[in-house]
Amino acid sequence: MSMMETRKPAGRARRRAYGRLKSVAGFLVVVATTYLGLLAVTFFIGRVVPIDPVLAIVGDRAPAHVVERVRLEMGLNLPYYQQFWLYMKGVLSGDFGTSVLTTNPVMTDIRRVFPATMELATVGTIIGALLGIPLGVLAAVRRGSMSDQVVRIVGLVGYSVPIFWLGLLALLVFYARLGWVSGPGRIDVVFEYTFTPVTGFFLLDAIINRDWAAFRDILSHIILPASLLGYFSMAYISRMTRSFMLNELGQEYIVAARAKGLSEARIIWGHALRNAAVPLITVIALSYAGLLEGSVLTETVFAWPGLGLYITNSLQNADMNAVLGGTIVIGSVFIAINLLSDVLYRMLDPRTRTR
Amino acid sequence: MRALLDVEDLRVSFPTRTGVIEAVRGVSFTLGRERLGIVGESGSGKSQTGRAIMGLTAEHGVIAAGKLDFNGTDLLKASKAERRALRGKRIAMVLQDPKYSLNPVMTIGRQIVETLRTHEPVGRAEAKRRALDMLAAVQIRDPERVFGLYPHEVSGGMGQRAMIAMMLIAGPELLIADEPTSALDVTVQLDVLGILNHLVAERGMGLIFISHDLRLVSSFCDRVIVMYAGRIVEELPAARLSDAQHPYTRGLLNCMPEIGTERHPLPVLDRKPEWKT
């Protein structure tokens with residue numbers, strides 16, 4: 001501190017700018033390294049699996065000279081480091097090869113399925129956080145009481161009940177019996193020709209198109225699977241919120257806040273939760289990233305054309321390009337979300353800011 | 001002179017699974033606008049006495065007293081909301097370690113302003129101006145800069161000054177300082193004590209100074225209460241500490257080493273079970 005005090009303002013500003021530059025550079029190095037690791041792993045997996053990429057394309061009845069020609073075309077005769085270089089160049093320019101199953105470029109497929117998963121995961125996480133945080137706070141504040149027990153049991157059920165079972169049950173009750181929501185899929189066939197996706201996030205697209213009938217329909221499709229995912233992330237988020245809050249409420253600055261005469265509400269929401277929010281960011285980000293992988297079971301039950309379903313289908317059909325492409329997308333999403341939570345962390349906690 | 005605080009037979013106990021723990025067992029004293037020191041070893045109930053007066057006893061704790069009167073207000077009968085209105089406004093408390101007792105994600109300025117705006121309907125600009133004045137009053141040289149700093153960006157001594165500023169800004173009549181200098185370096189202890197002393201005298205506040213440091217208390221306070229196992233074993237004017245009668249107080253005094261004298265082995269405190277009754 002004393003160093004800072006004696007420094008002239010101009011020097012301080014330059015120092016700060018330099019510090020920011022350094023942290024951005026640090027960020028980029030971390031991202032690049034992680035990404036290189038991700039590419040190396042997917043490349044390695046692509047070479048060791050017992051699926052011949054040539055046979056996958058030409059089929060197992062092709063004559064030998066055709067197989068040989070395709071092998072050369074694909075560069076499979078080259079040394080591994082050259083293959084890796086080609087692979088990296090392809091991936092970085094968005095070329096994951098062609099899916100055997102759908103015959104589309106993998107990138108095109110992913111552009112179609114990933115927004116579906118992301119939309120579901122986003123709505124699910126919002127539901128989970130909006131319910132989980134207040135419930136966790138309530139449980140921590142009324143520790144040991146009836147409401148604490150209820151929150152814990154609800155969380156425990158969310159943790160342990162298999163999602164496909166709960167999904168089927170929810171469909172049976174809310175769709176088949178009560179008819180409150182729409183059934184499987186993202187949107188009703190009625191809108192198939194009138195609704196034009198722009199971003200692939202249907203809720204957003206409906207708003208852009210000002211198609212309110214479609215918006216309602218999409219909402220009534222997404223609400224059930226999103227609530228289920230939300231329930232599971234709520235279980236996790238509320239438990240973590242509870243334990244972070246208990247930790248914060250035991251700190252001395254809470255005693256000081258009481259000594260100042262602040263109201264309980266202000267102490268809980270303004271002081272304790274504000275501090276608990278710092279580690280909570282990581283928890284919510286990780287739970288969001290987990291949902292972005294695409295939950296295969298939920299997508300299967302609700303016939304949701306998402307990434308999880310796509311990768312599983314590809315895997316069962318030995319469609320390696322699609323599987324690896326999907327893996328890389330998931331990896332990239334993880335890296336992006338980690339970076340985002342890092343940035344948020346810095347915003348929320350002054351102690352982690354570089355000066 | 002009318003007493004600012006009148007405590008009679010104060011008892012604080014905590015029921016636990018293994019039985020009731022009696023932290024404070026019948027403490028009585030009155031306090032005017034003076035500086036009262038409470039000394040005792042850890043677990044003697046000195047901090048719990050302070051917290052009971054503040055109304056900050058942990059929720060499961062049980063408080064009983066013959067009388068707990070603050071300037072005409074019966075604290076035993078006051079509702080939770082009434083006690084909250086008193087806290088920070090009329091009775092304030094300085095805690096031990098500014099590293100833990102300041103909210104780490106809030107700037108010092110906001111924390112000071114928060115106290116003021118909880119108790120007085122002042123505008124933002126006015127609150128900031130008064131917070132800056134208060135920071136200047138605790139002898140912070142550059143209030144404008146410190147106002148915008150986070151607790152981890154200041155030293156312990158400056159943090160404790162900010163703490164004092166935060167607790168005194170609403171102008172309390174009674175300040176309870178619970179080991180306010182124990183976490184600080186010896187060199188800044190005296191600075192902080194000096195500031196505290198000056199403000200207490202200037203504003204005519206009553207002060208309860210809780211500490212385990214007998215010498216510090218005797219040099220700083222008008223009157224000293226010595227506590228042991230939840231009871232007051234001796235009460236005497238600070239100047240006459242050397243005349244202490246009780247063997248526990250004498251034992252405490254005897255433990256203080258003097259420069260230039262070699263004592264081996266160092267004296268050990270004698271604790272007799274009959275002092276507890």
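**Note on a predicted two-chain model**

1. R124(B) lies in helix α5 of chain B, which covers residues 124-137. Is R124(B) buried or exposed? R124(B) counts as exposed because it has 9 C-beta neighbours inside 10 Å, and a residue with 12 or fewer such neighbours falls in the exposed class. In sequence, R124(B) and V113(B) are 11 residues apart, while their C-alpha atoms are 8.3 Å apart in space.

2. Strand β8 of chain B (residues 174-178) presents a contrasting case. Five of its five residues are buried, so the strand is largely enclosed by the rest of the structure. The side chains may be sorted by direction: L174(B), I176(B) and D178(B) point one way from β8(B), whereas L175(B) and A177(B) point the other way. Residues on both sides of the strand are buried.

3. Which strands pair with β8(B)? One is strand β7 of chain B (residues 91-94), which runs parallel to β8(B) and is joined to it by four bridges. Within this pair, V94(B) stands opposite A177(B). Another is strand β9 of chain B (residues 206-211), also parallel, with five bridges to β8(B). Here D178(B) has I210(B) as its bridge partner.

4. Strands β10(B) and β11(B) are joined by six bridges and run antiparallel. V224(B) has its bridge partner, L236(B), in β11(B). The two strands form a hairpin with two residues between them, and in this hairpin A229(B) takes a positive phi near 50°.

5. Chain B is divided into two domains: domain 1 takes in residues 5-90 and 175-276, and domain 2 takes in residues 101-170. Their C-alpha centres lie 27 Å apart. The contact between them takes 13 residues from domain 1 of chain B and 14 residues from domain 2 of chain B. On the domain 1 side, helix α8 of chain B (residues 186-203) provides the largest share, six residues. By class, that side has nine nonpolar, one polar and three charged residues.

6. Chain A has 15 helices and zero strands. Its C-alpha trace spans about 85 × 65 × 40 Å along the principal axes. Of its 355 residues, 33% count as buried. Among contacts in chain A with a separation of 6 or more, 72% are between residues 24 or more positions apart.

7. Chain A is likewise divided into domain 1 (2-92) and domain 2 (112-352). A distance of 30 Å separates their centres, taken over C-alpha atoms. Their contact takes 13 residues from domain 1 of chain A and eight residues from domain 2 of chain A. On the domain 1 side, the elements that give two or more residues are α2 (9-48) and α3 (53-58) of chain A, and α2(A) contributes the largest share, eight residues. What is the make-up by class of this side of domain 1 of chain A? It has 10 nonpolar, three polar and no charged residues.

8. The two chains also touch each other. This contact takes 19 residues from chain A and 26 residues from chain B. On the side of chain A, α11 (252-259) and α12 (264-292) are the elements that give two or more residues. Of the elements on this side, α11(A) gives the most, with six residues. The residues of this side of chain A divide into eight nonpolar, five polar and six charged.

9. In soluble globular proteins, nonpolar side chains tend to be buried together. The largest nonpolar core here has 144 residues, of which A165(B) and M167(B) touch the most other members. Helix α10 of chain A (residues 212-249) supplies the largest share of this core, 16 residues. Which residues does A165(B) contact, leaving aside its neighbours within four places in sequence? They are I112(B), M134(B), L135(B) and V138(B).

Technical notes:
Residues numbered from 1 in each chain as written. Chains lettered and ligands numbered in written order. Predicted model: local features only at pLDDT ≥ 70, side-chain atom pairs only at ≥ 80, totals over all residues. Pairing = 2+ DSSP bridges. Contact = placed C-beta atoms within 7 Å. Nonpolar A, V, L, I, M, F, W, Y, C, P; charged D, E, K, R; others polar. Domains from an automatic or database assignment. Core = buried A, V, L, I, M, F, W, Y, C linked by C-beta atoms within 7 Å. Buried ≥ 20, exposed ≤ 12 C-beta atoms within 10 Å, placed from the backbone.
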